[in-house]
Amino acid sequence: MHDQSQESLFMDWLDAHGASVWKVARAYTLTTEETQDLAQEILLQAWKSLPQFEQKSSPATWFYRVALHTAMNWRRKEAPWRVRQKPLLEVQMLSAAEADSAATAQQRDLVEQLYKAIHQLPKTDAALVLLYLEELSYREMADVLGISENYVGVKLNRARQALNELMKGESDGS
């Protein structure tokens, strides 16, 4: 694995893909605490899986695959060590999300509605929507999820329709 040490490679990838890990964790959890726990679990799984990275896909595709696989199989575990652990992503993600203008507050509300709607989708549809929001190509989405490009198109259309209905319901109901 290159001349770079595993640790420095992992930190480079974390810088490049940390926001994606946070977004995946946010879409599969209901509370900030759960999001942080899941983000930590994703990073732990990525660290453990790094020696098996065979460079058959891009680091971004590999990171998404680990994040989505971990998120779809994750069950929150109450573990006392988590309380003492400093989250790697918390500071950089929350500081990026903080802002005080009315437009930004409205944007945050919309994003919150979107995450609530994504959370209601079946897990594989939620994964597909996240990859779409990250502007991955159909080929990259197919690689991450292990399905054909054509199937990505079909599932994505269905997921977008379901998401539109959920978002309409959110704005009507609240």
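**View 1. Contacts of Ser 20.** Leaving aside neighbours within four places in sequence, Ser 20 is in contact (heavy atoms within 4.5 Å) with Tyr 64 and Glu 134. Ser 20 lies in helix H1; helices (H or I, at least four residues) are DSSP runs, numbered from the N terminus. Ser 20 counts as buried because its relative accessibility is 13%, where buried means under 20% relative accessible area, exposed over 50% and partly exposed in between (1.4 Å probe, protein chains only). This is a predicted model, in which local features need pLDDT of at least 70, side-chain atom pairs count only at pLDDT 80 or more, and totals for chains, interfaces and linings use all residues. Residues are numbered from 1 along each chain as its sequence is written, and side-chain values use heavy atoms, with hydrogens and water left out.

**View 2. The largest nonpolar core.** This core has 44 residues, and those with the most contacts inside it include Val 24, Trp 62 and Leu 130. A nonpolar core is a set of buried Ala, Val, Leu, Ile, Met, Phe, Trp, Tyr and Cys residues joined through side-chain atoms within 4.5 Å. Among the elements giving two or more residues to the core are helix H1 (6–27), helix H3 (59–73) and helix H9 (149–173). H1 gives the largest share, nine residues.

**View 3. Surroundings of Trp 62.** Apart from neighbours within four places in sequence, Trp 62 is in contact with Trp 13, Ala 46, Ser 49, Leu 50, Phe 53 and Ser 57. Ala 46 is one of the buried residues of H2.

**View 4. Helix H7 and the residue Glu 135.** In H7 (residues 123–133), the buried residues include Asp 125, Val 129 and Leu 131. Glu 135 follows H7 and has a positive phi, near 65 degrees.
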